[in-house]
Amino acid sequence: MMLICNLSDCMEIWYNWKCGYFNIATGVPARSGDSYLKDNITVRQGDSAVLKCSVDNKVSRVAWLNRTTILFTGNEKWSLDPRVVLLNTAVNEYSIKILNVNLYDEGPYVCSILTNKKPESTKVHLIVQVPARIVNVSTDVSVNEGSNVSLMCLAIGRPEPSILWKFRSSKGNRIVTEGEYVEMTGITKDMSGSYDCITSNDISPPDVRTVQVTVNYPPVISRARSTGTAVGQKGVLWCEASAVPLADFQWFKGERRILNGFNGVKIENKGKQSMLTFFNVSEEDYGNYTCVAINTLGITNASIILYGPGAIHDVNNAALSPTCSLLLLTLLLTLSLLSKF
């Protein structure tokens with residue numbers, strides 16, 4: 001048997017049914033009795049809730065009701081919900097258990113007792129807590145340096161969850177802001193990294209989602225060096241450039257581009273680094289070389305000197321001074337742009 005009603009009507013119907021008062025006119029309340037309010041019961045969504053009610057040998061009738069349904073009368077189950085069960089407890093206790101609690105179970109519950117035809121009731125309010133959970137978050141972002149970026153993270157839970165953004169990069173971690181949104185104006189390459197959205201309401205471990213922000217920027221040559229090499233020996237020029245996307249490298253001597261394998265030289269590019277190797281240095285190999293780094297956002301260059309033992313040189317100054325001619329840079333930039341079409 002299942003009966004749908006509001007809480008007060010359920011109590012009246014149950015009392016009249018057990019006491020044989022179904023002839024009471026509509027609108028006439030059941031007999032008044034004592035009512036006791038017990039503490040709230042708080043459970044987490046998915047857990048079980050036990051509702052207890054104390055009875056004694058003077059009790060002739062007892063029932064559990066919620067706001068819309070009579071659940072149990074004595075040992076007889078009225079609710080059709082299989083999650084609601086009567087516990088076999090001590091003789092002075094009349095308790096029910098609700099399995100796998102959800103939000104719809106939240107609300108008032110009443111244990112109604114009939115003692116010498118005098119009704120009493122104990123009221124319990126069930127509170128359901130929901131672990132914080134992220135329901136919507138920004139996808140990974142790739143933007144050019146100087147752009148504006150907005151990240152979003154939405155979460156639900158009971159109690160209302162807090163949201164915290166943490167920034168992680170190779171240089172360390174730091175808290176960015178609290179709240180659903182992160183706004184970044186004029187983003188720089190130093191702001192490239194992982195942004196963690198962390199939400200929590202202390203009901204369960206935090207829920208974390210990560211948004212990867214990639215900042216694209218033109219090449220910047222950070223290292224260029226050479227070592228003194230005698231004729232007939234192996235000589236190497238190094239050039240390293242930071243860029244997103246990674247830079248392509250080209251080597252020049254004067255206005256002439258050096259090709260891999262030409263005149264016994266080897267060009268080897270690995271990630272951010274390019275190496276120009278001379279396996280058998282000759283007098284003609286000595287001189288000034290230009291390393292050019294190119295990506296879709298720009299072009300830069302650095303001068304590196306291949307010198308012999310005892311030569312007067314200033315590697316650091318020469319390496320970081322852009323000496324490539326305007327004609328050469330213009331040509332390279334034009335070729336780079338044409339390659340996109």
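Colleague: Are C53 and C111 buried or exposed in this structure?

Modeller: In this model, which is a predicted one, C53 is buried, and C111 is buried as well. The word applies because a residue is called buried when its relative accessible area is under 20%.

Colleague: What makes the contact between C53 and C111 a disulfide?

Modeller: The two sulfur atoms lie 1.9 Å apart, and since the term asks for a pair of cysteine sulfur atoms within 2.5 Å, the link of C53 and C111 counts as a disulfide. The torsion about the S-S bond of this pair is about -80°, so the disulfide is left-handed. The link reaches between distant parts of the chain, with C53 in the loop between strand 3 and strand 4 and C111 in strand 9, 58 residues apart.

Colleague: How many disulfides does the structure hold, and why is the link of C153 and C197 called left-handed?

Modeller: There are three disulfides in the structure. One of them joins C153 to C197, with 1.9 Å between the sulfur atoms, and because the torsion about its S-S bond is about -80°, this disulfide is left-handed. C153 belongs to strand 12 and C197 to strand 16, so the pair ties together parts that are 44 residues apart in sequence.

Colleague: How do you know that C153 and C197 are buried?

Modeller: The limit for the term is under 20% relative accessible area; C153 has 0% and is therefore buried, and C197, at 0% relative accessibility, counts as buried too.

Colleague: What makes C239 and C291 a disulfide, and which parts of the chain do they tie together?

Modeller: Their sulfur atoms are 2.0 Å apart, and as the cut-off is within 2.5 Å, C239 and C291 form a disulfide. The value about the S-S bond is -85°, and the link is left-handed. C239 lies in strand 18 and C291 in strand 23, so parts that are 52 residues apart in sequence are tied together. Both of these cysteines are buried.

Colleague: Turning to charged side chains, why is the contact of D105 with R83 called a salt bridge?

Modeller: The closest N and O atoms of D105 and R83 are 2.8 Å apart, and because the term needs a side-chain nitrogen of Lys or Arg within 4 Å of a carboxyl oxygen of Asp or Glu, this pair forms a salt bridge. D105 sits in the loop between strand 8 and strand 9, and R83 in the loop between strand 6 and strand 7, so the pair ties together parts that are 22 residues apart in sequence. D105 and R83 are both buried.

Colleague: What makes E106 buried and R158 partly exposed?

Modeller: These two residues form a salt bridge, with 2.7 Å between the closest N and O atoms. E106 has 18% relative accessibility and so counts as buried, the limit being under 20%, whereas R158, with a relative accessible area of 33%, is partly exposed, that class lying between the buried limit and the exposed one of over 50%.

Colleague: How do you know that D196 and R168 meet in a salt bridge?

Modeller: The N to O distance is 2.5 Å, and the cut-off is within 4 Å, so D196 and R168 meet in a salt bridge. D196 lies in strand 16 and R168 in strand 13, so parts that are 28 residues apart in sequence are tied together. At 7% relative accessibility D196 counts as buried, while R168, at 32%, counts as partly exposed.

Notes
Residues are numbered from 1 along each chain as its sequence is written. This is a predicted model: local features need pLDDT of at least 70, side-chain atom pairs count only at pLDDT 80 or more; totals for chains, interfaces and linings use all residues. Side-chain values use heavy atoms; hydrogens and water are left out. Helices (H or I, at least four residues) and strands (E, at least two) are DSSP runs, numbered from the N terminus. Buried means under 20% relative accessible area, exposed over 50%, partly exposed in between (1.4 Å probe, protein chains only).
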